[in-house]
2 protein chains.
Amino acid sequence: MSMKIALAQLNYIIGDFEQNTNKMLQQLRTAKTAGVDLIVFAELSTCAYPPRDFLEFSHFIEKCHASVEKLALECTGIAAIVGLPTVNPKKEGKNLYNSACVLQNGKITDTIHKALLPTYDIFDEYRYFEPNRNFHCVTIGSEKIALTICEDLWNIDDDPLYTSCPMDELIQENPSIIINIAASPFDYAHAAQRKSILQKNIHKYKLPLVYVNHVGAQTELIFDGGSLAFNRSGHVITEAVSFEESLSLVEFTNGDLHVAKGTPSTPSITNKYQSIHDALILGISDYFSKQQFKKAILGLSGGIDSAVVTYLAAKALGPQNVKVLLMPSRYSSSGSIDDSVQLVNTLGVESEIIPIEPVFDSFLSALSPAFEGLPANITEENLQARTRGILLMAQSNKFGSILLNTTNKSEMAVGYGTLYGDMCGGLSVIGDVYKTEVYELVKYINREQEIIPTNIITKAPSAELRPDQKDSDSLPDYEILDTLLYQYIEQRKGPDDLLAMGFDESLVRRVLKMVNTNEYKRHQTAPILRVSPKAFGSGRRMPIVAKYLS
Amino acid sequence: MSMKIALAQLNYIIGDFEQNTNKMLQQLRTAKTAGVDLIVFAELSTCAYPPRDFLEFSHFIEKCHASVEKLALECTGIAAIVGLPTVNPKKEGKNLYNSACVLQNGKITDTIHKALLPTYDIFDEYRYFEPNRNFHCVTIGSEKIALTICEDLWNIDDDPLYTSCPMDELIQENPSIIINIAASPFDYAHAAQRKSILQKNIHKYKLPLVYVNHVGAQTELIFDGGSLAFNRSGHVITEAVSFEESLSLVEFTNGDLHVAKGTPSTPSITNKYQSIHDALILGISDYFSKQQFKKAILGLSGGIDSAVVTYLAAKALGPQNVKVLLMPSRYSSSGSIDDSVQLVNTLGVESEIIPIEPVFDSFLSALSPAFEGLPANITEENLQARTRGILLMAQSNKFGSILLNTTNKSEMAVGYGTLYGDMCGGLSVIGDVYKTEVYELVKYINREQEIIPTNIITKAPSAELRPDQKDSDSLPDYEILDTLLYQYIEQRKGPDDLLAMGFDESLVRRVLKMVNTNEYKRHQTAPILRVSPKAFGSGRRMPIVAKYLS
């Protein structure tokens, strides 16, 4: 027996049932023409992932079901696996399951439910779904398939998060292949981890494996795809290109998977900064295209962060769709303008210079009755940043462009930024990239030619909000700061762990306090494109009013 | 056998182990002096609720355990029940339990774990905790007690969320009383629902019941307390005063609960607007006091929303700690200033008038090269709102005061507000109160005398950002809008349900689209004091980039 299987790695839009269904139908027809026996779509492919609280609307669930019924009608001479939420018929437990339907002979022939429901970091699945407790393999053609959904294969490590293991149940029915449909977002460490987990399953259960993931960005979450087929020895047969849609074909013959003729396999990206680079570009372009926005605007300060975001925006949207404002004040160095102009010319984006002094002065005189006799302080610094934010938002409103935020993760962590000032924006592009990682990203961007000017890279970081200001006046050296932040944020090391690792006690106390007391700023920030295993946003939930480590 | 039980309804601070422990110790000593045999503290009382991702730090968990050890040492001649997270010793499953420890004879004598983990609305408990599957009653003195944690008693309705019911297990050991420790936040419908659920348990299991809840606000969540003791007939023996700390005493004798001599019982507040009024005042005052802030600032527009927030702030913080800015433009009616001045005088708050024209003009001239030849539109309206926002933030920065946001729930829902303008603020006071409810709240405030001037109540709502602007120019009548919003937001009715309810189709389409496409604004808003069963914020999680109903 032979079965040709297609891995459909597609970019869906949350709740866009018409477009998602049409996209699946089109791939189904293409696959049918190519003689495919089974096409596999990703987890919750009907509605896209994550649908969040839309799942609480029965109308939304009905739309998912209608999509699957429409797909089923076309499944003659081909079978399909598709993901959707289904209603739990039992009175007890949550109202929904996270399910996969098998479509063949023009109808739904089987439905299975996800058992292990990720509820950590950015995942909230137990908020919506009842875990499955009854397991069975599905039959397609004459093959018995262990059909699993994403996390169902992940309970295989030394510190299992769940008390059950779905594959231990399914293997008892002697399936001939494992198929896993997933919605597993990108971070720079995830591709390697995913491959390792899948291979552990292959080695444990001695079966070949097909894995199909989403591609595309859903606000802050970026799906890299990376759909995979492994033979029963655990070798990769095909690997879908990252960050792009694709339809990959494999052959299941003689109990094992083989590469289908003419199917390219693209090794996954192993360079961390290349993957971050590609992810951020996809993150920007999907944020815009899925909302039918075309144009971006941002402030170009002469620093490295706004330079990198300008470059990424130009790559994602085309330089003709990017406008930068240069908004010098009395504290701006002349170098900042020159460097910005050089970058603008290299990238070919639109630019405008608006000095902020007149607006800043008018704010100062409006406030002078109240502020009389009081020394200048952070208030006046914030006023400059806010004047810039408002000028950017005015142009955003007038021209229908989206303001891109340029705050990096180090600043986001310690609250080194002005709320309603440089923290304005519809999307935070590098809010999950530490300052030291921004420099590495620039090395990658400049790997073949100088795109980001050397001056921008070598100057000392400064907010330029008062005379001769440097970031290092109020922050530790970024090398040390970022190492400490990584241990606290990504690795959840507490103060005792950090001291044991050799960090200075007063530094630990100071930095942890900065991170915790600035939660209120991050609460009001734009969605942050997630590229690390622990990004600020829905994956990190902290109280605002609290005393711990503050 | 007789046992005197104290219900300790206390206001904790998240992660403030020193203060929380001292507060519990003090109550323990008071209770001991009063001859109490058992003092009951609330769920997770050691660390306060909700600790959120602080639970991922082992240092945090150790601090909770240390608090309980300290309390245990004082438990001689008295027993205590206290809530804390404990480590799951098993390899499988989540690392923590949500637990209650029994302290007596100077040590921890028993620990039980929560089985039903609320993971919906504002709750995320399965994010952190493994559900308990092994049940036993605890023994204190000679009494066998069915000790349960909050949600453990809630699986008793017709549509049970869980597949197990802890009390069905515990009842098999023949306990003589149910004790439930809770962390159950206020909403205007919750007190009645809670009483009903507890009474259902009493009637099902034929046991008296003690219920101890938190009081106090934790950023957006407000705990009303409402701790209760019922006898085995289901009658309320004592009810702790809402929105205040208290120590209530009851006697357990002859197998039933009786009121202890001299213990007052305060019937819970049944007037919806009285309860919202009291909740919002506690929400403001705890937000400030727990962060050691004293002073508030806000913009007073002449409209009803900012008038109500000024009143609530003056009640919560004292009028001497509240400053309002009146910031007229060419579009402000003279009535707006007069009405505001009248309110300022009535309340005794500080005020300052800052006309925004000069700053607004300086923005327009800075933007004139780019905007030349383009008609004025929403951009110029937003510029006025943002100028006001920045003036408020400048005073907030200079004087260390917190800016209170005055957006109501109807505006928050449809996006009728300017990001970085009137949506600025550290705390949204009435963002969970619909416009029509704001009017009802004013009726309650003015029940004995005119505090909010009649002019402010009777004028047509207007943002005053262009000549003769009225909210009704761009929004449906608030009576209709709020009814529709309630059905969509609180009741999760989809478009088909809404049409079946008789709402106009184009109105439904228009309003649902406004709500969904303005998710990006709410994502960047201040935390909103929660008073309804479905508030914007952590209890309502919607995608930003999505096409469903938009």
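Where in chain B is B:Tyr420 found? I will come to that residue in its place, but it answers quickly: B:Tyr420 is found in the loop between α10 (409-414) and β20 (427-428) of chain B, where helices (H or I, at least four residues) and strands (E, at least two) are DSSP runs numbered from the N terminus.

Before going on, a word on conventions. What we have is a predicted model, in which local features need pLDDT of at least 70 and side-chain atom pairs count only at pLDDT 80 or more, while totals for chains, interfaces and linings use all residues. Residues are numbered from 1 along each chain as its sequence is written, and chains are lettered from A and ligands numbered from 1 in the order in which they are written.

Let me stay with B:Tyr420 for a moment. Its phi is near 65 degrees, a positive value in a residue other than glycine. Most residues other than glycine have a negative phi, and most peptide bonds are trans. B:Tyr420 counts as buried, because 26 C-beta neighbours lie inside 10 Å; the rule is that a residue is buried if 20 or more other C-beta atoms lie within 10 Å of its own, exposed if 12 or fewer, and partly exposed in between, with C-beta atoms placed from the backbone. B:Leu549, in the segment after α17 (519-523) of chain B, also has a positive phi, near 55 degrees, and B:Leu549 counts as buried with 20 C-beta neighbours inside 10 Å.

There are cis peptide bonds to note as well. In chain A the bond from A:Tyr49 to A:Pro50 is cis, with omega near 0 degrees, and A:Pro50 sits in the loop between β2 (38-40) and α2 of chain A. In chain B the bond from B:Tyr49 to B:Pro50 is cis, again with omega near 0 degrees, and B:Pro50 sits in the loop between β2 (38-40) and α2 (58-73) of that chain.

Now to the relation between the chains. The contact residues of chain A recur in chain B to 100%, so the same surface serves both copies.

How many residues of chain A are in contact with chain B? The count is 80 residues of chain A with 80 residues of chain B, two residues being in contact if their C-beta atoms, placed from the backbone, lie within 7 Å. On the chain A side, the elements that give two or more residues are α2 (58-73), α8 (357-371), α9 (378-399), α15 (495-500) and α17 (519-523), and the largest share, 13 residues, comes from α9(A). By class, that side has 40 nonpolar, 21 polar and 19 charged residues, with Ala, Val, Leu, Ile, Met, Phe, Trp, Tyr, Cys and Pro counted as nonpolar, Asp, Glu, Lys and Arg as charged, and the others, Gly among them, as polar.

Within chain A, the domain assignment, which is automatic or from a database, gives domain 1 (2-270) and domain 2 (274-475). Their centres, taken over C-alpha atoms, are separated by 40 Å. The contact takes 11 residues from domain 1 of chain A and 10 residues from domain 2 of chain A; on the domain 1 side, the elements that give two or more residues are β10 (215-218) and β11 (221-224), and the residues of that side divide into seven nonpolar, three polar and one charged.

Finally, a helix pair in chain B. The axes of α14 (residues 478-489) and α16 (residues 505-517) of chain B come within 11 Å and cross at roughly 65 degrees, the axes being lines fitted to C-alpha atoms over the stretch in contact, with angles from 0 to 180 degrees between N-to-C directions. B:Leu481, B:Leu484 and B:Tyr488 in α14(B) meet B:Leu507, B:Val508, B:Val511, B:Leu512 and B:Val515 in α16(B), and the residues of this contact divide into eight nonpolar, no polar and no charged.
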